[in-house]
Amino acid sequence: MEIGTIILAAGASSRMGGEPKQLLTYKGQSLIRRITDTALALQKGPVVVVLGANRERIVPELAGLPVTIVDNAAWQTGMASSLKTGLAALYLTNKSIKAVMVLLTDQPLVSVGLLQYMLERYTAENKGIVACRYDDQLGVPALFDRRYIEQMLKLEGDKGAKWVIIKHRQDCVEVPFEAGAIDLDSKRDVELFSLAQSGLTQ
């Protein structure tokens with residue numbers, strides 16, 4: 001079964017003071033390189049990385065990787081444009097994919113094991129969406145059956161993968177992933193995460 005993966009990495013990291021969060025490092029790797037390596041490790045199908053702001057600085061981190069890099073010129077209009085850009089690049093050239101995995105760069109604790117488990121749940125249960133639960137909400141990483149692609153291509157503004165999950169809650173399998181709540185959106189988030197990791201290694 002072929003699964004396509006979209007990594008959304010087009011944002012400007014405005015809450016980081018202009019420093020791209022895609023280039024923050026964790027365990028010796030930039031976040032963009034780390035999540036891309038994780039997606040590739042699944043070995044289930046094509047991987048598309050959507051870039052926008054800070055493209056020139058981020059591209060070198062992906063050098064040599066077998067991924068498709070696409071530019072979202074409309075990244076400032078919201079997450080929907082990045083998701084649609086990724087879907088277009090993925091689906092138009094890979095009509096055989098059965099489902100689409102959606103990932104972000106700012107969740108540093110996403111692992112290959114988590115993504116593999118999501119695929120197992122998708123295969124085992126007759127549901128069209130597999131989403132992660134954390135902080136009493138459902139969100140990404142998330143896996144969508146191909147029947148949701150057309151609907152996602154019609155999203156606008158800030159409506160993204162989470163909006164589709166909520167709208168089709170009855171067709172969704174939940175996977176617990178409390179570490180998904182760790183979202184490095186601001187300098188304070190990074191400081192708290194660094195402190196927590198230091199405590200774990202002492």
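Helices (H or I, at least four residues) and strands (E, at least two) are taken here as DSSP runs and are numbered from the N terminus. The model is a predicted one, in which local features need pLDDT of at least 70 and side-chain atom pairs count only at pLDDT 80 or more, whereas totals for chains, interfaces and linings use all residues. Residues are numbered from 1 along each chain as its sequence is written, and side-chain values use heavy atoms, with hydrogens and water left out.

Helix α4 (residues 112-124) has 13 residues, which at 1.5 Å a residue should span 18 Å, and the separation of its end C-alpha atoms, 18 Å, agrees with this; the expected span of a helix is 1.5 Å times one less than its number of residues. Within α4, the residues L114, L115, M118, L119, R121 and Y122 are buried, where buried means under 20% relative accessible area, exposed over 50% and partly exposed in between (1.4 Å probe, protein chains only). The buried residues of α4 pack against β1 (3-9), α1 (31-41), β6 (99-104), β7 (129-134), β8 (137-145) and β9 (172-176), with contact meaning heavy atoms within 4.5 Å.

A nonpolar core is a set of buried Ala, Val, Leu, Ile, Met, Phe, Trp, Tyr and Cys residues joined through side-chain atoms within 4.5 Å. The largest such core has 60 residues, and those with the most contacts inside it are M101, M118, L143 and F144. When neighbours within four places in sequence are left aside, M118 is in contact with M101, V130, C132, P141, A142, L143 and V175. A second, separate core of six residues includes L24, L31, L184 and F193.

Of the 13 residues of α3, 10 are buried, so the helix is largely enclosed by the rest of the structure. The buried residues are A80, S81, S82, L83, K84, G86, L87, A89, L90 and Y91, and what covers them includes β1, β4 (47-51), β5 (68-71), β6, α5 (149-152) and α6. K95 lies over the face of Y91, at 4.7 Å from the ring centre, under the criterion that NZ of Lys or CZ of Arg is within 6 Å of the ring centre and within 35 degrees of the ring normal.

Several individual positions illustrate the packing of the other elements. In α1, the residues L31, I32, R34, I35, T36, T38 and A39 are buried. T36 has a relative accessible area of 0% and touches I7, V49, L62, L65 and V67, not counting residues up to four places away in sequence. T5, in strand β1, counts as buried at 3% relative accessibility, and, with neighbours within four places in sequence left aside, T5 is in contact with A39, P46, V47, V48, L90, M101 and L103. I165, in helix α6 (residues 161-167), is buried with a relative accessible area of 0%; leaving aside its neighbours within four places in sequence, I165 is in contact with I129, A131, L138, G139, A142, F144 and C172.

Most residues other than glycine have a negative phi, and most peptide bonds are trans. Q43, although not a glycine, has a positive phi of about 55°; Q43 is placed in the loop between α1 and β4 and counts as exposed at 71% relative accessibility. N54 is likewise not a glycine and has a positive phi of about 60°; N54 is found in the loop between β4 and α2 (55-58) and, at 22% relative accessibility, counts as partly exposed. A cis peptide bond, with omega of about 0°, joins V140 and P141, and P141 lies in strand β8.
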